[in-house]
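Visitor: Please take me through one part of this structure in close detail. Then set it beside a few other sites.

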Amino acid sequence: MNTKRVSIAVAVSALGLAIAPGVASAADGQVGCGTPAKQAVYSTVVVPGTAAVTHEEYEWSSVSEVIERQWQQWLVDSAAMDAVYETVHHPAEYTTVVVPGLPAYDEQVLETAAYDEQVLDTAAYDEQVLETAAYDEEVVTPAYDEQVLDTAAYDEQVLETAAYDEQVLQTAAYDEEVVTPAYDEQVLQTAAYDEQVLQTAAYDEQVLQTAAYDEQVLQTAAYDEQVMTSPAVYVTEYKFVQKNGNGVRWDADPDWNAQPNNNSGGWVATGITRQGALVSAAVYTTVHHDAVYTTVHHDAVYTTVHHEAVYKTVHHDAVYTTVHHDAVSTTVHHDAVYTTVHHDDVYKTVHHDDVYKTVHHDAVSTTVHHDDVYKTVHHDDVYKTVHHDAVYTTVHHAATPDTTTEVLVSPAWDEQVLVTPATDAVGHWEETWSVESPGAAWSATGETRTVDGETELVWAAQSPGEEWTATGAYRTVEDTPAVPDSSEQVLVSAAVPAGPACEEPVTGDGATVVPEPAQPASAVPAAADLAKPAAVNELAFTGSDPTLLWLGMGFLLAGIGVSAGYRKVAQKR
């Protein structure tokens, strides 16, 4: 629309500028004699100014969001304390045990056990026994006729037509004008592809599952056996009841009710006893039995683990190069095109049957000699059994007296007595929030939160997006500055010089002579004569002149067109 209005203004201006020179040219002629001079007339044309074009901008703010993570670290308030023990030594306890002696005795000790012995009577041997005596045998083969294959059946390839090559015309020769227009071609240098890059080649690995080792297999666990050497001794208590049946009393004295005291009166012994307080505990001896182990050897166990080759996929993008091809015009001569057609040999199969001939064989008589035939007879060893009686020896054992020995009842041992118990470390968790870890001692708890980050401010006539908020501030931005009113002096009518004086010469015979017109002055003064006057309102107007009127109207239309066009453009901006 702006372009259209400017075009109209330019057209009006061009029309005015075209009319003015035309009118001036039409008026540019001879000035008649007696024409008075006229001064140039100017008009002041005011070109209105344009107001400044502005728009309002508002301040918008956007606050970014930052995700913080919660971190924690353990701070020790008081360190842990180990338990304190004191070693208390307990000496070993022994008891004396009497080992009874043994009376003298005689023992029959077996020196050699009875056994049976196999004695070789006859050694084994091999004997050659004649099974069949040698003899001669007459072997006769009767006469017969035999069909002998003379020529085996076969198939024969007989050549019918020999192979040959034939030139066949496909396309006659011709000339072709080939034109290739200029173009840019994306030449694929390397097509995009995925490459399998071998990271680790496949291999078989012998993985040791269990190393060879010798294992001590416990057959019988070590144990301590408590052997009682002396039983526990308890006090025997006797039951007494009052004669009136209201009380019961137990006492270690079986004659307690017969004692001369005031307390025992009226009590009767029931004859019932019970086990009372412990006098002496049972005494035990600890007999230690060592563990019994068997050594079992275990060979190393291996497993073959196959590791496949490990590949990683590397993607290579396609690589292109832009190649510019100029237009090419080429005359291509196409020769006649021939095709060579090869004809193979042509064969036919001729079958030949088998050919037989009869061969006669006469009877054959052959003497075959048979040697003696022996067989081997094996005789095993012959044994006889000889019995040997057992042999004994008498061993006399002398009597042994009773002996005493110290038997360990309780071995010496050290006891760890707790003096001060152990205490655990006391501390607390310290927590903080940050985007990055505050240090190596801190660990993430897994908790996160979203907090406001930095605030960004922009100026815009409309909101840049949903996350932007108006702050309330605004400003006026000038797009096009204001243009003040202006004025210019437009020539309304040009100055006209005075014409020559009119004369009427008379000839001798009284006829009037028309004088030759003097060199006329141009109606359009020189550029120097068109200088703008100091004050337009002081110009003298000598009268109406149509030529000058048309010239003024042309300039006026040109000024109005230019002013209107610029005003419309300024208002649209």
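Guide: Leaving aside neighbours within four places in sequence, Val-301 touches Val-207, Leu-208, Gln-209 and Thr-210 in this predicted model. Val-301 belongs to strand 23, which covers residues 301–307. Val-301 has a relative accessible area of 37%, so it counts as partly exposed.

Now Asp-251. This residue lies in strand 19, residues 248–251. A polar atom of the Asp-251 side chain lies 2.8 Å from the backbone nitrogen of Asp-253. Beyond four places in sequence, Asp-251 is in contact with Thr-236, Glu-237, Tyr-238, Phe-240 and Trp-256.

Last, the covalent link. The whole structure holds one disulfide. Cys-33 and Cys-502 form this bond, with an S to S distance of 2.0 Å. The link is right-handed, at 100° about the S-S bond. Cys-33 is in the loop between helix 1 (2–27) and strand 1 (41–47), while Cys-502 is in the loop between strand 39 (486–493) and helix 2 (546–572), so the bond ties together parts 469 residues apart in sequence. Cys-33 has 41% relative accessibility, so it is partly exposed.

Technical notes
Residues are numbered from 1 along each chain as its sequence is written. This is a predicted model: local features need pLDDT of at least 70, side-chain atom pairs count only at pLDDT 80 or more; totals for chains, interfaces and linings use all residues. Side-chain values use heavy atoms; hydrogens and water are left out. Helices (H or I, at least four residues) and strands (E, at least two) are DSSP runs, numbered from the N terminus. A polar contact is a pair of N or O atoms within 3.5 Å; within protein, one must be able to donate a hydrogen and the other to accept it, and residues adjacent in sequence count only if both atoms are side-chain atoms. Contact means heavy atoms within 4.5 Å. Buried means under 20% relative accessible area, exposed over 50%, partly exposed in between (1.4 Å probe, protein chains only). A disulfide is a pair of cysteine sulfur atoms within 2.5 Å.
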